[in-house]
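Have a look at the model first, then try each task before reading on.

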Amino acid sequence: MSIYKIPVGPQHPAIKEAFQFNFELDGEIIVNVKPRLGFVHRGIEKGMELRSWVQGIYLSERICGICNVPHTTCYCIAVEKLHDVDVPKRAQYLRIIINELNRIHSHLLWLGVLGMELGFLTFYMYVWRDRERVMDLVELISGNRVTPSMNFIGGVVYDITPKMEMAIKKGMDYLEERTKYYKSVVLNEPTIKVRTENIGVLNKSAATDLCAVGPVARASDLKTDVRFDDPYSSYDEIPFNLVTYSYCDVFARVLVRVDEVLESINIIRECLDKLPSGPIMKKLKRTPPPGEFTVRVEAPRGELMYYVKSDGKENPYRVKIRTPTLANIPAVCEMLKGYHIADIPAIIASIDPCYCCTERMLFIDKARNKRWIWSHSQLRKYSLEWYENGGRR
Amino acid sequence: MRMGGDGELADPIISLIQILIFPGLIFLFILGLIFEWIDRKAFARFQNRIGPLYTGPRGFLQPLADFIKLLTKEDVTPRYVDKFLFNLLPGIAPVLPVFASFYLPLNGYPILHPFEGDLILIITLMTIYTITVFMAGWVSTNRFSSIGAARAILQFLGFEIPMFISLASVAIDSASLSITYIADHQPIPYILLQPLGFIIFLIALQAELERVPFDIPEAESEIVAGWLTEYSGPKLAFFRLSNNLMLVFGAGLTTAIFLGGGSGPILPPIIWYLIKMVFVVILSTILRTIFARLRIDQVLSGAWRYLIPLAILQLILAKFLAVLVM
Amino acid sequence: MLREILNHFLKKPITVKYPFERIEPAERYRGRHIFYIDRCVGCGLCERDCPAGAIKMVESDKTLNRRRPIFLLDRCIFCKQCERICPRAAIHLTQFYELASYSKDELVYSEEKTSKS
């Protein structure tokens, strides 16, 4: 039994961002996986330390292109907790609406990408056509199709007029019909089922041990969802279901995400019906008082965590971000063992990887008991010198 | 070459024109580009998009533009490949389907004189094409190409047999192994007499042409480009051309065997032949649109567990039919 | 799925043939800035708050503090923070988005408009 090593990444058509998984194969079966991250590190946590609190909102939004709304929501909630204020009710409901629109957008994007990984281009084209509807709605509310920049410290920036509410409701009806059609395609199409059933199985105990988060955990029958466990921004006032499936394979993850889209559509409708009137922003001081806070929100990919520490100055003292994809990497390494090469794109795609979110790095020097982080330019300078010196020192 | 022509000197010139222009090399080349255009446009329209648009009227010249563009690109040869084979294989690959197409009765009568057994010759040429694909991947000394080459041969193991059996059932029914004879003597086209055989042949053809759901050897999202990975520039142009020519040949073979060749009222046989070939191409595009890609072990197990027994069933039914007719 | 694709064959494609056909952006779309020189006081809040460093204050004799902003559109992320923070509503983002150009000089927006026009 000879081991055949194959690297997937950092450039590969299967993946949208640069990462590397080193596979060890026996014929066509995967025996071991070694992930290697760090290709997309941008020095964001250091960047936050160099910028003011308000500028930090926009920086956190640009960590991820697809799940940008949870990043701003988490950051703003953390800073508001430092100020020790509650935002107005209307702002909280608007935050729910824009978060759920972003969730629908992210899941539809993922569904299309899964179709492309499986070679099903038609499905991919249809789903992305319907995703345009969501982006049009976000553009209507906030002015930009993908990064709405709607959250601000103290509330939200844009309000919804009654005309926009009508447009959103019509959009939701259209999306519900199309999502139900895609659910029926996924459930009935034999070529999809045969590529996703019993592939990438992660049973419940392994999911708990490896700390899987988000739809990956919910597809392995774990009832974890930050919106239920630790409600933020008035999520406890909107009734909705926690979607779990117990098949633990890629098929279950597809179904979890499709059902979450349907749940999000219902949440948005409820929010629009119950939208309270009032102000949408509470004016706060430019710098929060000293303190530290950890806030979790439910991004489309799982649990997103921000730790924010302030020492009363213009810039944050420290911002630490833990994104859901990082938590899912050990799980995906476990999921891949024992399956074929041809299953690699499907399994990796099923955790909804977002590597640009993932890359955070902390230098720990045990001997001298120091820890520090670098900015992008420092990292670049270091890597150029390292390679000029011939690689190994 | 026709036997017993008008004059001794007119014959070679007519044959030369037939081989080179119509229905020979240039005609097949143009037909390959036209079929690629039909395939891409239909694929796009099924997906609610436009497809090629700007080059030529409605994007008609896009396949030609792609071919010329690839010819002008840089040709990168990796260091450790077997240079002789690496350079030779893109030249062999288009020749095989062209040679096989010379036996198809495109204008009512093929270019090369038909004989009993030219069906078997054509099957052999298709086998050699698959071996060419395998060698192209193997000689590239690239991890991804070797996997693609191995998958091509595995897929071939699954599909050669059902294809051959379904062709054999037609041959038994018409008591001949000559394509021209089968095409000419179909009072009722075999698609109606042997529908099971037609379906099996269509599926096997989709695998032979490496189109979805069987495009595993060059699965883009898994192994970069499979056996085609290391070929660039003119070599890639010729492999893509061979892909198109195989589509032309596959459609032509299906028409001759199952749809009655060029038979039809009023119009000349070449026009009917082309119409039927376009019909087969659109059927193949529909199959490409509605399915996802399968995995190689699923393809093999499906082929050996379902297709081959069904093909044998068709063979038995065909023998029954032949006995009844006699 | 088969019925769906055959239906689509007869429908009009959803592709918009830009630039021959255009989609109108939404009302709140964030495009290029408009700057009203007669409202500006030269406080510099826009330069301080811009997350991308896309606003630079330059000398001008038309404002109270003898400065006015110019906008470096190649750094701008179109977040509208400058419009929000300006105490005199001197900056407004319009819907104009076709901003590609061949040279960096064209991407420095320094036109001065007056709010009467």
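**Exercise 1. Chain B as a fold**

What percentage of the 326 residues in chain B do buried residues make up? Describe the overall build of the chain as well.

Solution. Before we start: this is a predicted model, in which local features need pLDDT of at least 70 and side-chain atom pairs count only at pLDDT 80 or more, while totals for chains, interfaces and linings use all residues. Residues are numbered from 1 along each chain as its sequence is written, with chains lettered from A and ligands numbered from 1 in the order in which they are written.

- Step 1. A residue is buried if 20 or more other C-beta atoms, placed from the backbone, lie within 10 Å of its own; buried residues make up 49% of chain B.
- Step 2. Chain B has 13 helices and zero strands, where helices (H or I, at least four residues) and strands (E, at least two) are DSSP runs numbered from the N terminus.
- Step 3. The radius of gyration, taken over C-alpha atoms, is compared with a globule rule of 2.2 Å times the number of residues to the power 0.38. Chain B has 20 Å, which agrees with the value near 20 Å for a compact globule of 326 residues.
- Step 4. Along the principal axes, the C-alpha atoms of chain B fill a box of roughly 60 × 55 × 45 Å.

**Exercise 2. Chain C as a fold**

Solution. 

- Step 1. The box filled by the C-alpha atoms of chain C is roughly 70 × 30 × 30 Å along the principal axes.
- Step 2. Buried residues come to 21% of the 117 residues in chain C.

**Exercise 3. A helix pair in chain A**

Describe how helix 4 (residues 89-117) of chain A packs on helix 11 (residues 250-274) of chain A.

Solution. Two packed helices are described by the angle between their axes and the distance between the axes.

- Step 1. Angles over 145 degrees count as roughly antiparallel, which makes helix 4 of chain A roughly antiparallel to helix 11 of chain A.
- Step 2. Residues are in contact if their C-beta atoms, placed from the backbone, lie within 7 Å. Those making this contact include Tyr93(A), Leu101(A) and Trp110(A) of helix 4 and Val254(A), Ile265(A) and Cys271(A) of helix 11.

**Exercise 4. The contacts of chain B with its neighbours**

How many residues does chain B give to its contact with chain A, and how many to its contact with chain C?

Solution. 

- Step 1. Toward chain A, 24 residues of chain B meet 21 residues of chain A. Helix 6 (143-174), helix 10 (220-223), helix 12 (269-290) and helix 13 (296-325) of chain B each give two or more residues to this side.
- Step 2. Toward chain C, eight residues of chain B meet nine residues of chain C. Helix 2 (25-46) and helix 12 of chain B each supply at least two residues here.

Note on methods
Contact = placed C-beta atoms within 7 Å. Buried ≥ 20, exposed ≤ 12 C-beta atoms within 10 Å, placed from the backbone. Axes fitted to C-alpha atoms, helices over the stretch in contact; angles between N-to-C directions. Parallel < 35°, antiparallel > 145°, perpendicular 65-115°, else oblique.
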